[in-house]
Amino acid sequence: MGEISVIWKKFYSSRIFWPVAALVFFLLVNLIIKADFFTIEIKDGHLYGNIIDIIKNSIPIMLISIGLTLVIATKGIDISVGSLVAISSAVVAVMIGGNLVMVNGHQEFVTLFPMPVAILGALLVTSIAGMWNGMLVSRVGIQPIIATLILFIAGRGIAQLITTGQIVYLYYEPFFFLGSGYLFGLPFSLYIVIFVLVITMFIVRKTAIGMFIESVGINPTASRFSGINAKNIIFWCYVFCGFCSGIAGLVVCSNIKSADGNNAGLLMELDAILSVVLGGTSLSGGKFYLMGSMIGALIIQTLSVTIWSFNVPPQISLVVKAFVIYIICLLQSGKFRKGLFRIFGGKEIVS
Amino acid sequence: MPDNSKGPILEMKGINKSFPGVKALSGVDFRLFRGEVHALMGQNGAGKSTLIKVITGVNRQEAGEIRLGGKLIRPDSPLDAQRLGISTVYQEINLCPNLSVAENIYIGRQPIRFGKIDWKEMNDKSNKLLSTLNVSIDVTQLLSSYSVAIQQMVAIARVLDISAKILILDEPTSSLDENEVKLLFGVLKKLRDNGLAILFVTHFLDQAYEISDRITVLKNGNKEGEYISRDLAKVELISKMLGKELSEFSYSQKETVINTEGKKIRDSKEVLLKAENLARKGSIAPVDLDISRGEILGFAGLLGSGRTETARLLFGIDKADQGDIFIKGKKKNMNNPSNAINAGLGFCPEDRKVEGIIDQLSVRENIILALQGKKGIFKNMPMKKQQETAENLIKMLGIITTGTEQEVRRLSGGNQQKVMLARWLATDPEILILDEPTRGIDVGAKLEIMELVLNLAKKGMALLFISSEIDEVVRCSSKVEVFKDREKINELTGGDIDVNSIMHIIAGGN
Amino acid sequence: MKNMFSTNNKYLSLLVTIALFILMFGAGSVMYPGFFSFQNIFNILINNSYLIIIAIGMTLVIISGGIDLSVGSLLAFSTMLAASLLENYHMSPVVVIPLVLATGSIFGCFMGCLIQYFDLPPFIITLAGLYLARGMCYVVSIDTIPITNSFFTSVAQYEIHFSPDTFISINVVIALVMILIALYLAHYTKFGRTVYAIGGNEQSALLMGLPVAQTKVLVYTFSGFCSALAGIVFTFYMLSGYALHGTGLELDTIAAVVIGGTLLTGGVGYIAGTIFGVLVFGTIQVLVTNQSLNSWWTRIAVGILIFLFCLIQRLFESGKAAGGVKTPEVSDASVKKIE
């Protein structure tokens, strides 16, 4: 029994407690409304249910958040991620393209470029976009918000340029597997997230780069004095964020079987920033929590589902999201917490 | 001439002010008369800035009273102080660079005519105001297009126009060149002759003598004395500022430094670092120096004399305009700290809060940071090794912490300083630069650090020891470079190293 | 003439923007006969008067060192609110218009208070405001509400003629009035000058005794007001309330403001510059349409322009840090040295 209480104590005092608690809270609310919320059935050979939907729908945001967490940890931000999703969708769709041809009496779909090449192409383009962002922030010295604002504005234009202004529809079956396929009953895209997450966590904790990122975000001068190349670290974080947005774009495109330069990735940047903040990483940089960001993404999705299950039109979820952001910001604000303590006269909690 | 007829315009009696862990001012008296320039002097931590903060209402004193023109005052903010007639111009000038000169003078109180700001009137009034300070410039230009010296004049004009019984200038000459200082002093003399009371905070000795009628010296929160400038010998001023803080601890003087083991290493004269003609415009004039294995090279000098600037050049934080650095005889490009670290240097900076500790990271992470930085990203130290290294150093330096994982921001100042030292010791440097390693620490910890420095030298490390406490420099160093006004002016070795000689050198004698 | 292009000329960026506008308009005139006409310029004004009004509010916010990303959504919400009150509740324009303006101002004030009194980042607060306002649009109605109110329809169609061929709409008049008000605020009131001071160095502004807190809250309130007014103007233009009005408008606004020479870091900028920034933006759109290019080319062109302006501004900043006017030499004899 003692061992369990030790584990519980560790969990309670860790940064991940509150995100998980919030997630459990919202899930339970849903359970109360809909008694069969947690039920999972097996249909068409794969798992099927509300929980699975929540997970599946949070995957693009999860992917973006992996990269965005690192960028925010360096005391930066990247608001171009939504536009990068659009660009990635556009590139992969255009490169796959293709026509129906007759081969040996069967109709077969032939792609413009082999699928792996198209995928790599999309990832390359968004990584280069990340390099652009990283260069502006680390070499030219422009503030991250302003630097990434440029692609925020121009990015969709570029995506439209690639798709020549039209929505590109895809018919290539193998590509759909990425976003809509199932493996061992679970969505294939979930495996992608897990893969990227595990590799990232491995790199970040098993090499020194995790500590260096945190160090740069907390005190870039002291980091520089210790021989850390802050500029390079910041640069590569933006590149990685671009890369992750690219993967998210692939999943989105595969899911909706098309690339829409105007709407793909719309409003995703705020959801991604929200996930990272909900997960415990502070906007002012420093310590970061990748798992927390994943939980954060799930919270946002669950929140949307909760609102929807109250029979409220989905667009209203925007209002709720806005208030959730305000509440979180207030809670993170030192001034607000001080004010609360004065009102409630509580003990000074060392934060 | 100071106008003593009506008594001091500003009188402070028995001022006490403490901050958590440190008594900044104890029982300080201070008086300022009309028609005088009064210099307030003292080293870092002496209490100068705290006294100014109390006068200007930034902080409230715990005991003691302030009288302005005989009346008791309790300013509760800088604005309040300004309203009472206490005008202050800070080192950072505190104006808006993106507004015009005239606007900076009049913002918040612009002349209004027919419901709109009367720009012409504002410009005219500004011109008149600046001309009383012998400054004649285009007041419609942006403030940022003028030099710091002119910006200072604008700041002075602004505060004097609002209200002026007293003018306080906090380190006004730090960013000025010789000509600009002349200009400023011309203006101050004029203001003084017109009856203004001026409080002039500075650490430049020569300037204090040039402009002030009286000097008050603070040391460690106490008032050492108030003197008439022309009656105070320079050497006496320096000794008042530096004092003899460690006199109550007995020390086996030179024995500590001249030790047989260490002497053997030193006598082998293996020069580890050599700088030739190293200089940087505005920071330090060309300097030559060398440090050998087992040697402790001390940098002695007052605040702003160029010691830290030199150290920064050696470690690659700043780039030198000229000169070369040789490590073990080979010329090295010190373009960034990475190069320096790879060449075997370590650097413990002066301002550990801003340049040193990563406060949210653990003690362990702070300690191994530079070592890991040296190894690079891919050769990650296994956690066990990290903990081992951290624990060893915690033990060796006597760092008081609940464990390796405690966040550094929870540690006391002295322990944070030890963590900084531990960081560099972990990299096993051949040459270690320590800039003010004993600042802001209690006396016990100071002694520990100095013992450590001597032990490291015994084992063969070359050390560069910078301290404003001449005592410490004398006790630790086997060779001393004396700095003054951004220039190295002398070098002392062996038996010549003693406090009096150094003070005389700085004072300008021989 | 030489002084006009020196880096110390505080009007330099304004001149660059005006030059850019003349350049673009000139290019258009060369490429398309008939491009060079007063009516063309008037059309740009007619089509962008709502943008001018919003950009005015945005300019002051950016000069104060902040940013307001909610403007587009607030415009949409204003159209929704107006349309709903007019059509569904049959309220008179005399009541509706002030009500909508007040709502926008209160919205801006709310955000300003959060930003100022709790030290929260303007970027996040106004981005959440974007979500909030757009969400509130849907609360009013999911579909568009066409406006049939007679006052609005007559204003929408009214043309003020200078000659049989040249005319402007009432929206342009409203925009012009706002420009005059903004110029007065920015250059002739203590409020406006305090906005500039805060953007230049907020700490100094505080120490100089300026009412920083009130001014910052007011500046966001003003931006909210401008968004609401632009919403009214937009309803005169589109005669409907629709949640998707003004999507992406905040970006267009920021673009116009940046092209107009206002620094995103604060403290520097002119209302006049913003006006020309809007004209440049409008001209780009006209050129793009004329070339039968897709509208997304506008986005790319705007992105490139912003990048160039940011880059140039950054280079100027680092160049200025190195330079600076020297103090005049003192002719007196040298000062005595104390021995």
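## Where chains C and A meet

Let's start with the pairing of chains C and A in this predicted model: 35 residues of chain C are in contact with 30 residues of chain A. H5(C) gives the most, with 13 residues.

The make-up of this side of chain C is worth a look too: 27 of its residues are nonpolar, while four are polar and four are charged.

## Where chains A and B meet

Turning to the other pairing, 20 residues from chain A and 23 residues from chain B form the contact. Helix H9 (209–218) and helix H10 (220–225) of chain A each supply at least two residues of the side that touches chain B. H9(A) gives the most to that side, with six residues. By residue type, the side of chain A that touches chain B divides into eight nonpolar, eight polar and four charged.

## A helix inside chain B

Within chain B, helix H6 runs over residues 178–193, 16 residues in all. From first C-alpha to last it reaches 23 Å, close to the 22 Å expected at 1.5 Å a residue. Just after H6(B) comes B:Gly195, which takes a positive phi of about 105 degrees.

Which residues of H6(B) are buried? They are B:Glu180, B:Val181, B:Leu183, B:Leu184, B:Leu188, B:Leu191 and B:Arg192. Their cover includes strand S3 (36–41), helix H5 (148–162), strand S9 (166–170), strand S10 (197–201) and helix H7 (205–211), which belong to chain B.

Conventions: Residues are numbered from 1 along each chain as its sequence is written. Chains are lettered from A and ligands numbered from 1 in the order in which they are written. This is a predicted model: local features need pLDDT of at least 70, side-chain atom pairs count only at pLDDT 80 or more; totals for chains, interfaces and linings use all residues. Two residues are in contact if their C-beta atoms, placed from the backbone, lie within 7 Å. Helices (H or I, at least four residues) and strands (E, at least two) are DSSP runs, numbered from the N terminus. Ala, Val, Leu, Ile, Met, Phe, Trp, Tyr, Cys and Pro count as nonpolar, Asp, Glu, Lys and Arg as charged, and the others, Gly among them, as polar. The expected span of a helix is 1.5 Å times one less than its number of residues. A residue is buried if 20 or more other C-beta atoms lie within 10 Å of its own, exposed if 12 or fewer, and partly exposed in between; C-beta atoms are placed from the backbone.
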